Each structure stands twice: as structure tokens, then as C-alpha cells.
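Here is a friendly briefing to read alongside the model. Please have a look at the sequence and the fold, then work through the points below.

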Amino acid sequence: TIYRPKDASLSPLSSKTILFAGYGNQARSQALNLRDTLASNPDISAPKILIANRVDSYHETAIADGFSVTGFAEGAKGADVVFLLVPDQVAPTLYNSEIGPNLKTGALVVVASGFNIFYKRLEVEGVDVGMIAPRMIGAGVRSRFLEGEGFPCFVSVENNSSGRALEMVLSLALGVGGLSAGAVECSARDETLMDLFAEQAIWPSIIVAFREAYSTLKKLGCSDEALVHEMWLSKEPAEVFEKCAEDGFISQLKYHSIVSQYGQLSTSLGMDVTALQEFFKKVAEKRILGGEFTKEFTDIDNKGGGNGMEKKLEELYAAASTSELAIGEKRVRERMGLD
Ligand code: NAI
């Protein structure tokens with residue numbers, strides 16, 4: 001199902017209290033969009049929009065934008081809707097200790113990512129849960145709304161204690177501008193699976209393909225300058241992906257030369273992909289759906305007094321910087337004065 005503005009109305013929001021927990025990338029854009037939508041629909045008896053935030057720079061931004069800012073527990077007490085828009089690793093402790101216990105029966109919690117719902121990290125029994133998950137960074141959520149274009153978005157209902165969750169989720173999605181480009185119905189499970197799969201299977205395969213291609217061609221005499229330009233500095237891959245979205249994943253091949261079209265099609269159709277299929281299946285079924293990855297991630301993050309992931313990422317960046325691609329690129333960027 002693809003939901004469009006005609007499938008929703010703003011009236012379920014009448015006189016409600018809507019709390020944004022967090023005022024970061026997504027929260028700020030969505031709160032501003034909702035306020036603008038309501039301002040241009042004065043026939044709706046305006047809901048109250050509140051921000052809950054700890055005292056930090058985001059808190060100051062919310063006040064500068066003209067919102068009232070409250071504490072998490074206090075805000076949750078009076079809220080009909082809570083947009084839970086803090087980082088995913090922060091949300092469980094914050095929600096389970098301060099927000100959830102203070103919510104009234106029938107309140108709706110809206111997440112922008114399926115992760116904490118699918119892995120049952122939020123104690124949400126007894127409340128409605130919906131997902132409005134933009135496929136777009138926060139800045140794009142705001143700029144596309146202002147341009148009247150809308151942004152791609154996934155929506156779902158995960159808990160429907162009240163029986164009215166879908167109507168409410170669509171109403172909120174309409175308010176934040178998430179229906180204008182068509183919102184695709186997609187569960188928290190599927191959103192989590194696709195998101196983590198892209199991060200742990202598709203992009204790593206692309207990183208490895210580029211890294212190994214670089215070493216192979218370097219051994220055959222190609223220079224660092226030529227390789228870096230040929231492979232990504234020219235921005236050709238970015239243009240190809242843009243054409244994939246505009247014209248179609250396969251149809252965009254028609255923009256390439258006949259030599260290129262024949263090479264790409266015949267090779268991709270003829271490749272032995274058994275190992276890749278096995279790798280993809282293992283990532284999807286064991287690491288993501290089987291929960292191996294979240295356990296590994298949480299264990300690392302909890303180490304060293306809670307900054308285990310920071311240290312681990314430093315190690316991983318150091319390891320990634322030893323490849324021929326990384327060393328070659330560093331040399332080229334220095335010579336060209338790009339860094
Ligand atoms: P963000 O990183 O911009 O969040 C910052 C906000 O979280 C601030 O209000 C800050 O005060 C608060 N915060 C940070 N640490 C905190 C702590 N320890 N205790 C209390 N508050 C804390 O978050 P972002 O990127 O907007 O993500 C929010 C949700 O949106 C997540 O579920 C994310 O997966 C989802 N999402 C994010 C997208 C993006 O482009 N950033 C795209 C689509 C979904």
C-alpha cells in the first residue's frame with residue numbers, strides 16, 4: 001500500500017498534545033513541518049506541540065524556534081502522542097525509565113526507525129505504536145517540505161491497543177509532510193532488515209569490490225591518480241545512481257556506450273554468485289533477524305564505561321586505512337591539495 005494525502009485527515013489531531021522527545025535532525029524538521037501544516041489549516045482546533053529535551057544546544061535551538069521545552073517525564077504525562085526522536089542507542093533507557101511509565105492509556109508512540117521496536121528494546125505494552133520513517137536526512141525532510149515536494153517515507157502500525165492507531169499515524173504523517181511523496185506501508189521488521197542489510201551486506205560488498213579492484217588494477221600498472229579519478233573522484237558512480245532513481249536500475253544502462261552495456265549485462269548475468277548469495281543469507285537470517293549483530297554491537301558499546309564503540313570505530317578506521325586504496329587515495333588527495 002502507498003498512502004497519499006487523500007488517505008488521511010488532520011482532524012484526529014484536534015486538541016491533542018503532541019510531544020517531540022528530542023530536537024535533533026529528524027525532530028526539528030518534523031516539528032517545524034507539523035507546525036507549518038497546522039498553521040495553514042486553521043479549521044483544525046490546533047494541537048499543542050511541545051518539545052522534551054535535556055539541557056544542551058538542541059534545547060536552545062527549540063526555544064529559539066519558538067517551542068516550549070519540557071522534561072521527558074513531565075512532557076510524557078500530558079501527551080497523546082510522543083515522537084521518539086533521539087538516537088536509537090539512547091532511546092531504550094530514556095523511554096523505559098522516563099517516558100513510557102508516564103504515558104496515559106491510549107497514547108501513541110511514534111518512532112522513525114524500526115530498530116528498537118523489532119528488537120523489543122522499548123517497553124511499549126499497552127500503548128499504541130506507529131512508525132513514520134523518512135528515507136531522508138532531517139535537513140531534506142524540511143527542505144523538501146518547504147519546496148512542496150514531500151519526501152519518501154515508510155509508515156506502519158506496530159501496536160494498536162486503541163483500534164485507532166492507523167488513522168492517527170496517517171494523520172501525523174500528513175502533518176509532518178510524509179504523505180506528499182507517497183508513504184509506503186512497511187513494518188518495523190522489514191525496515192530494520194532492509195536498513196541493516198544495506199549497511200552490513202550491500203555497502204560492504206561495494207567497499208570490498210572497490211578495494212580489491214583498486215589493488216588488482218594497481219598491480220597491472222594503473223597509477224593512483226588515474227584509479228582514484230576513474231573509480232569515484234569523477235563522481236560517475238553518483239551520477240549512475242541518480243539515473244537509477246530517475247530512469248530505472250537497468251534502463252539507465254542505455255546512457256552508457258554499447259561496449260559498456262554489453263560488458264555490464266553479459267558479465268553480471270554470467271557471474272557465479274553462489275558465495276555472495278550465501279553471504280547475503282547469513283547476514284539477513286543470522287546476523288540481523290537472528291539478533292547476532294545487535295548483541296555484538298551492544299556488548300562492544302557497553303565496554304570501557306560505555307564508550308566501547310568509540311574505541312572500536314577508531315580501531316576499524318585504522319585497519320581500513322592500510323589498504324592500497326586508502327593509501328593511494330591519501331597520496332592523491334595530498335598532491336592535489338584536496339585535504
Ligand atoms: P539526533 O542524533 O539528531 O538526536 C539528537 C537529539 O537527541 C537531541 O535532541 C539531543 O538532545 C538528544 N539526545 C542525544 N543524546 C541524548 C541522551 N543521552 N539523553 C537524552 N537526549 C539525548 O537523532 P536523529 O538522527 O534525528 O535520529 C532520531 C531518530 O530518527 C532515530 O530513530 C533515527 O534512526 C531516525 N532517523 C534518522 C535519520 C537521519 O537522517 N538522521 C533518517 C531517518 C530516520
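**A strand pairing to start from**

Val129 stands opposite Asn159 in S8. Strands S7 and S8 pair in the antiparallel sense over six bridges, where pairing requires that DSSP finds at least two bridges between two strands. Please keep in mind that this is a predicted model, in which local features need pLDDT of at least 70 and side-chain atom pairs count only at pLDDT 80 or more, while totals for chains, interfaces and linings use all residues. Residues are numbered from 1 along each chain as its sequence is written.

**Overall picture**

- The protein chain holds 15 helices and nine strands; these are DSSP runs numbered from the N terminus, with helices being H or I of at least four residues and strands being E of at least two.
- Its C-alpha trace spans about 70 × 50 × 45 Å along the principal axes.
- Of the 339 residues in the protein chain, 30% are buried. Buried is the label for a residue with 20 or more other C-beta atoms within 10 Å of its own, exposed for 12 or fewer, and partly exposed in between, with C-beta atoms placed from the backbone.
- Among contacts between residues at least 6 apart in sequence, 70% join residues at least 24 apart. A contact here is a pair of residues whose C-beta atoms, placed from the backbone, lie within 7 Å.

**Two domains**

- The chain is divided into domain 1 (2-186) and domain 2 (191-335), with bounds that come from an automatic or database domain assignment.
- Taken over C-alpha atoms, the centres of domain 1 and domain 2 are 33 Å apart.
- Ten residues of domain 1 are in contact with five residues of domain 2.
- On the side of domain 1 that touches domain 2, helix H5 (115-118) and strand S7 (128-134) are the elements that give two or more residues.
- That side of domain 1 has seven nonpolar, three polar and no charged residues. In this scheme Ala, Val, Leu, Ile, Met, Phe, Trp, Tyr, Cys and Pro count as nonpolar, Asp, Glu, Lys and Arg as charged, and the others, Gly among them, as polar.

**The sheet**

- Nine strands form an open sheet with mixed pairing, in the order S1-S9-S8-S7-S6-S5-S2-S3-S4.
- Strand S1 (2-3) and strand S4 (68-70) are the edge strands, each pairing on one side only.
- Strand S3 (residues 48-52) pairs with S4 in the parallel sense over three bridges, and Ala52 stands opposite Thr70 in S4.
- Strand S2 (residues 17-21) runs parallel to S5, joined by four bridges, with Phe20 opposite Phe83 in S5.
- S5 also pairs in the parallel sense with strand S6 (residues 108-111), over four bridges; Val82 has Val109 as its bridge partner in S6.
- Which way do the side chains of strand S5 (residues 81-84) point? Val81 and Phe83 point one way and Val82 and Leu84 the other way, and all are buried.

**Crossovers**

- S5, helix H4 (residues 91-99) and S6 make a right-handed β-α-β unit. Right-handed says that, with the strands pointing away from the viewer, the path from the first strand over the helix to the second runs clockwise.
- S8, H7 and S9 also make a right-handed β-α-β unit.
- S8 and S9 pair in the parallel sense over three bridges, and Phe154 stands opposite Val184 in S9.
- Strand S8 (residues 153-159) is mostly covered, with six of its seven residues buried.

**The core and its residues**

- In the largest nonpolar core, which has 64 residues, Ala21, Val82, Leu84, Val110, Ile132 and Ala173 touch the most other members. A nonpolar core is a set of buried Ala, Val, Leu, Ile, Met, Phe, Trp, Tyr and Cys residues joined through C-beta atoms within 7 Å.
- Helix H7 (residues 165-175) gives the most to this core, with seven residues.
- Leaving aside neighbours within four places in sequence, Ile132 has contacts that include Val110, Cys153, Val169 and Ala173.
- Why does Ala183 count as buried? Ala183 is buried because 30 other C-beta atoms lie within 10 Å.
- Ala183 belongs to strand S9 (residues 183-185), and its C-alpha atom is separated by 6.3 Å from that of Pro152, 31 residues apart along the chain.

**Helix H6**

- Val141, Arg142, Arg144 and Phe145 are the buried residues of helix H6 (residues 138-146), and they pack against helix H1 (25-39) and S7.
- Just after H6, Gly148 takes a positive phi of about 75°.

Conventions:
Contact = placed C-beta atoms within 7 Å.
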